[in-house]
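Have a look at the structure along with me as you read.

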Amino acid sequence: MPTRILVVGDTDLILKMVGAILLKDGYEVVIARNGHEALEVIKATPPALAILDVMMPDMDGYTLCEHLRKTPSTAKIPIIILTALSDVDNKIKAFDSGADDFLAKPFEPQELRARIKVLLRRASEQEPVQANLVLGKVIAVFSLRGGMGVSMLASNLAASFSQIWGTPAALVDLAFLNGQSALMLDLPLRTTWTDLGRSPANEMDMELLNSVLLRHDAGVHVLASPRRPEEAGAITAEHVQRAIELLRPHYHYIVLDLPHDFLETTLTGLDAADHILLMLSPETASVRCAANAMGAFEQLKYPPDRTTLVLNWTFEGKGLPRAGIESVLKKEIGVVIPNAGDMVVSSIMYGKPPTLQFPLTPLGAFLEDLAYRYSKEDHKQNPPESAAEGLKRVKMRAQARQKKS
Ligand SMILES: Nc1ncnc2c1ncn2[C@@H]1O[C@H](COP(=O)(O)OP(=O)(O)OP(=O)(O)O)[C@@H](O)[C@H]1O
Ligand SMILES: [Mg+2]
């Protein structure tokens, strides 16, 4: 039976053009001229993939896409949105609507073909729940002050763990109001925490969780924040606890990208963490926030060695001296991340963490080595027989350092 693809649009040109490409490739093509017709067609003859034009009279492609994502029976249909414009605004709209891909008109038939193939292949690769049970290490990245590089570090650590150990790592975004973990990896918000918040926490199982994780090709599985802040209210501390509990036996590394607060959901993440990376930058407000966070950790009776202070040079130029910060906080700074200028910014803009985009540059290497440092001891003692590329790079750098000293 040929694979059925739905094309939704109100202009003959697009329907004919896309239709002709698909028919030529042997797909079965069904057509709808507006959003409402599309919903009826989908109900009657569910497609394997849908291509939506943005401009339609009754509801635009983004709204239709959002609607499909919200409805459980259609939530998983791979969706490509076609738009005449390729500006940032449209890209963000497509991303927020949950579309899998976005193609600006005019496009080459080959480009459409390639994207359809990728999406169909991805959809057919039903990722089974990993059977080998492990004891995952939970690493929380936290700061009470915003903009300290929490999401940057969390996404790079998760990507590095998977590159070093050759096994997927989980990245859990607990910044429900404005989390950007998925954006950092350029993953469309197809499914999010909202899909878990719909049912009581005790009904959450690995199958549901597995269907909500967004998968990055580099082996990072992301539990993304809701598309809209108003969806955050339905996610409780129990949901967070249950999700971490379920992930732990399936992922060696679970990285939490935390918000800058002490909400119940955040505290649940911190409580579950084997290690907390507390981030600050060399400026007074940031040091004060770090001191407050450490005070709270003390009240929560977290052992002092559970927390490492990470000084991140988010800005260039003069900042408070390291020794001064250590004396105020009465704790040594364990990690200093150098200022990386535009490299981090461009990585964030293009959704490619430095460890993936530039693994050989000083910043990419630094972050990869940092992930190794926080890797599980049993992993370091018993590395896999055939080392993954990331581990080879880490080992080579360690040897080079040894030779120098
Ligand atoms: N070492 C660095 N060098 C240069 N820029 C950096 C560095 N670390 C982070 N940044 C920049 O700082 C900004 C904040 O980073 P990020 O979003 O990761 O922080 P956050 O703590 O998660 O912030 P938010 O409050 O938005 O959650 C980003 O624009 C990032 O590019
Ligand atoms: Mg953040």
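**Ground rules.** I call two residues in contact if their C-beta atoms, placed from the backbone, lie within 7 Å. This is a predicted model, where local features need pLDDT of at least 70 and side-chain atom pairs count only at pLDDT 80 or more, while totals for chains, interfaces and linings use all residues. Residues are numbered from 1 along each chain as its sequence is written, and chains are lettered from A and ligands numbered from 1 in the order in which they are written.

**Entry 1, Ala140.** I looked up Ala140 and found it in strand β6, residues 137–142. Strands (E, at least two residues) and helices (H or I, at least four) are DSSP runs, numbered from the N terminus. Setting aside neighbours within four places in sequence, I found Ala140 in contact with Leu256, Leu258, Gly269, Leu270, Ala273 and Ile276. I also checked Ala272: it lies 132 residues from Ala140 in sequence, with 8.6 Å between their C-alpha atoms.

Is Ala140 buried or exposed? My cut-offs count other C-beta atoms within 10 Å of a residue's own, placed from the backbone: 20 or more is buried, 12 or fewer exposed, and in between partly exposed. Ala140 is buried, because 26 other C-beta atoms lie within 10 Å.

**Entry 2, the sheet.** I traced an open sheet of eight strands with mixed pairing, in the order β8-β9-β7-β10-β6-β11-β12-β13. Which strands stand at the edges? They are β8 (214–216) and β13 (333–337); each has a single partner strand, so one side of each is left without a neighbour in the sheet. From one strand to the next, the twist averages 25 degrees.

Two strands pair if DSSP finds at least two bridges between them. I noted four bridges joining β12 (residues 307–312) to β13, and these two run parallel. Leu309 has Ile333 as its bridge partner in β13.

Helix α6 (residues 150–165) packs on the sheet, and among the strands it touches are β6, β7 and β10. The direction of α6 makes about 170 degrees with that of β10. For such angles, axes are lines fitted to C-alpha atoms, for helices over the stretch in contact, and angles run from 0 to 180 degrees between N-to-C directions.

I found five of the five residues of β7 buried. Ala169, Leu171 and Asp173 point one way, and Ala170 and Val172 the other. In a regular strand the side chains alternate between the two faces of the sheet. Four bridges join β7 to β9, running parallel, with Ala170 opposite His221. Four bridges also join β7 to β10, again parallel, and there Asp173 stands opposite Asp257.

A nonpolar core here is a set of buried Ala, Val, Leu, Ile, Met, Phe, Trp, Tyr and Cys residues joined through C-beta atoms within 7 Å. The largest one has 105 residues, and Val141, Val255 and Leu256 have the most contacts inside it. Helix α6 gives the largest share, 10 residues. Leu256 touches residues including Val138, Ala140, Val172 and Ala273, not counting those up to four places away in sequence.

The contact takes seven residues from domain 1 and five from domain 2.
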